[in-house]
Amino acid sequence: MMRAERTPRLPRDNARVLGGIVRGKRTTLRVPTEADLTGFARWAADLRVRGALTRAYWDEPAMLATWKERLAKQSEDKSSTLWAIDGEGALAGSCRVEYAIEPGHFGNDGIGITHFTIEPDRWGQGLGSDAALALHRWIFDIVHARFAHTALAAHNAGALRVAERLGYETYARGTAVHYGDGRYVDGLQLRMDLTTWDERWGATEREYPVPLGEELEA
Ligand SMILES: CC(C)(COP(=O)(O)OP(=O)(O)OC[C@H]1O[C@@H](n2cnc3c(N)ncnc32)[C@H](O)[C@@H]1OP(=O)(O)O)[C@@H](O)C(=O)NCCC(=O)NCCS
């Protein structure tokens, strides 16, 4: 396990920025540890994962030492959070979000999902949908962000299915804007609002119900 440095007590907002543990029904989002590095490194080099993506940030293949450096750097970054996803007792994936951190703005400018990967050998078992729902509970119920946004390659049918079921809508399409694995692919920009979360998932998934209504008019 990576040894955590003792840090002084953090102000309330910063403690929230760190992400913490988020539980889904079959998956748990948690702080990554050194034991996760081999999984991260393997997925980054897996052509099934690379072929689905439009870009490579956390996904660039690298040696384990480089992954360790990336993880250490990530843990210091106040404007993003990386989680490892556990699924039924084993590491099943990872996801990462970015946000604006000016005082009073956390969540208000939207939370961007920059990375979301499930172990390719376990695709199609519902783990992605479960972890994505847990992540959006964090985004909307815990952070209370007004909206979430992400970018997907237009051919990424699995990710689009997960996103559309959550309530994302495509608001922009770029034609042949990304080059990877020997071909150009279209890029989609997607967005989901707090109101959609409340309407679609309010009755079953809300963890910390907050009054919407008037608050959303403000
Ligand atoms: C996208 C991803 C996270 C989905 O994870 P998963 O665990 O396979 O997701 P689920 O098992 O919950 O499946 C989600 C839905 O997509 C569908 N799906 C999955 N792959 C599909 C494909 N190639 N074509 C059509 N539908 C597909 C599933 O049938 C399921 O729909 P259903 O519940 O209606 O049957 C996973 O494929 C992945 O890690 N891809 C590579 C990285 C990536 O693309 N990340 C997203 C962008 S950051």
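## Helix packing and the ligand shell

Helix 5 and helix 7 (residues 194-205) pack at an angle of about 115°, their axes lying 11 Å apart. The model is predicted: local features require a pLDDT of at least 70, side-chain atom pairs count only at pLDDT 80 or more, and totals for chains, interfaces and linings use all residues. Numbering starts from 1 along each chain as its sequence is written.

Helices (H or I, at least four residues) and strands (E, at least two) are DSSP runs numbered from the N terminus. Axes are lines fitted to C-alpha atoms, for helices over the stretch in contact, with angles from 0 to 180 degrees between N-to-C directions.

| Helix pair | Angle between axes | Axis distance |
|---|---|---|
| Helix 5 and helix 7 | about 115° | 11 Å |
| Helix 5 and helix 6 | roughly 45° | within 10 Å |
| Helix 2 and helix 4 | about 110° | 10 Å |

Helix 5 passes helix 7 in a left-handed crossing (the near helix is turned anticlockwise from the far one by less than a right angle; clockwise gives right-handed). In this packing, Leu 133, His 136, Arg 137 and Phe 140 of helix 5 meet Leu 194, Trp 197 and Glu 205 of helix 7, contact meaning C-beta atoms, placed from the backbone, within 7 Å. These residues comprise four nonpolar, one polar and two charged. Here Ala, Val, Leu, Ile, Met, Phe, Trp, Tyr, Cys and Pro count as nonpolar, Asp, Glu, Lys and Arg as charged, and the others, Gly among them, as polar.

With helix 6, helix 5 forms a right-handed crossing. The contributors from helix 5 are Gly 128, Ser 129, Ala 132, Leu 133 and His 136, and those from helix 6 are Gly 158, Val 162, Arg 165 and Leu 166.

Among the 21 residues around the ligand, Gly 128, Ser 129, Ala 157, Gly 158 and Arg 161 come nearest; a residue is near if its C-beta atom, placed from the backbone, lies within 6 Å. Strand 5 (111-118), helix 5 (127-142) and helix 6 (157-166) each give two or more residues to this shell, and helix 6 gives the most, with five. The shell contains eleven nonpolar residues, nine polar and one charged.

Elsewhere, Leu 37, Thr 38, Phe 40 and Ala 41 of helix 2 (residues 37-45) meet Leu 64, Trp 67, Lys 68 and Leu 71 of helix 4 (residues 64-76).

Average pLDDT (the predictor's confidence in each residue, from 0 to 100) is 85 for the chain, and 83% of the residues score at least 70. Residues 7-17 fall below 50.

How values were computed: Contact = placed C-beta atoms within 7 Å.
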